[in-house]
Amino acid sequence: MDIQAYYAAVADFIVAFHTLYVGFVVVGQLLIVFGLVCRWRWVRNPWFRLIHLLAIGVVAAEAACGYTCPLTTWERGLRALAGQTVNDSAVGWFFNSILFFNMPQAFFTWIHITFGAMVLGTFLFGPPRFGRRKAAAPDAAPAPPPESAVVCPVGHSAASVRVERETGLRV
């Protein structure tokens, strides 16, 4: 394989990964908001929520400090080594047209920081659930029935007497 073709292939991989990264942050936030409204339990998964917050936190911090994303820098550097521009690669052109559009850099900085604040707000107002619910131990014996349920007339089980006593319904 030609070394320039290798650089171009790695640049295509990086821009595809970059697009998936952005997709994870954007689609993840939409799912979290809808999931909180619809009470989907999985959107409170702490691993998912922490990784999601960290992913946008890195982007927002880069934007606030004025750094260019390392993925963009690596892709551009590899394209230069391959002797091509973004428009010379169909993969590069496709994914870059999703990631970037003709706006001033200040617009992207504002978007990244605002989106990071929105994710942080969602994290604080719809926090993940870190604790597990306590389940009964598998070795634990069931609780003994109340004394009145043990002494029962013939033909009735202890469970039916207990249901009758607790609910008032004759079973």
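Biologist: Where do Arg79 and Glu75 lie, and how many residues apart are they?

Modeller: Both are in helix H3. Four residues separate them, about one turn of the helix. Keep in mind that this is a predicted model.

Biologist: What makes the meeting of Arg79 and Glu75 a salt bridge?

Modeller: The distance and the atoms. Their side chains come to 3.1 Å, N to O. The cut-off is 4 Å between a side-chain nitrogen of Lys or Arg and a carboxyl oxygen of Asp or Glu. Arg79 and Glu75 therefore form a salt bridge.

Biologist: How many salt bridges does the structure hold?

Modeller: Two. Asp12 also pairs with Arg79, with the closest N and O atoms 2.6 Å apart. That value is within 4 Å, so this pair counts as well.

Biologist: What does the pair of Asp12 and Arg79 tie together?

Modeller: Parts that are 67 residues apart in sequence, because Asp12 lies in helix H1 (residues 3-38) and Arg79 in helix H3 (residues 70-82).

Biologist: Which residues are linked in a network of salt bridges?

Modeller: Asp12, Glu75 and Arg79.

Biologist: Why is Arg79 called buried?

Modeller: Its relative accessible area is 2%. Buried means under 20%, so Arg79 qualifies.

Biologist: Is Glu75 buried or exposed?

Modeller: Its relative accessibility is 2%. That is under 20%, so Glu75 counts as buried. Asp12 is buried too.

Biologist: How much of the protein counts as buried?

Modeller: Of its 171 residues, 27%. The accessible surface comes to about 12,200 Å². Carbon and sulfur atoms account for 68% of that surface.

Biologist: Why is Val22 called partly exposed?

Modeller: Val22, found in helix H1, has a relative accessible area of 33%.

Biologist: Which residues make the nonpolar surface patch?

Modeller: Val22, Val26, Val27, Leu30, Leu31, Phe34, Trp40 and Trp42. The patch is about 710 Å². A patch residue needs over 30% relative accessible area.

Biologist: What is the secondary structure of the protein?

Modeller: Seven helices and zero strands. Along the sequence the pattern reads α-α-α-α-α-α-α.

Biologist: How many contacts between residues at least 6 apart in sequence join residues at least 24 apart?

Modeller: The share is 66%. Phe95 and Asp12 are 83 residues apart in sequence, yet 8.6 Å apart in space, C-alpha to C-alpha.

Biologist: Which residues is Phe95 in contact with, leaving aside its neighbours within four places in sequence?

Modeller: Val15, Ala16 and Thr19. Contact means heavy atoms within 4.5 Å, so each of these has a heavy atom within that distance of one in Phe95.

Biologist: What volume does the largest pocket have, and what lines it?

Modeller: The volume is about 830 Å³. The lining has 30 residues. Nearest the centre lie His18, Val59, Phe100, Phe108 and His112.

Biologist: Which helices each supply at least two residues of the lining of the largest pocket?

Modeller: H1, helix H2 (46-65), H3, H4 and helix H5 (105-125). H5 gives the most, with seven residues.

How values were computed
Residues numbered from 1 in each chain as written. Predicted model: local features only at pLDDT ≥ 70, side-chain atom pairs only at ≥ 80, totals over all residues. Heavy atoms only, no water. Buried < 20%, exposed > 50% of the residue type's maximum accessible area, 1.4 Å probe, protein only. Areas by Shrake-Rupley, 256 points an atom, 1.4 Å probe, with all protein chains shown as cover. Patch = residues over 30% accessible without salt bridge, like charges linked within 9 Å, V, L, I, M, F, W, Y side chains within 5 Å. 1 Å grid on protein atoms, 1.4 Å probe; cavity = no way out; pocket = protein on both sides within 12 Å on 5 of 7 lines; lining within 4 Å. Points joined across faces, edges and corners; volume = space filled by probe spheres on them.
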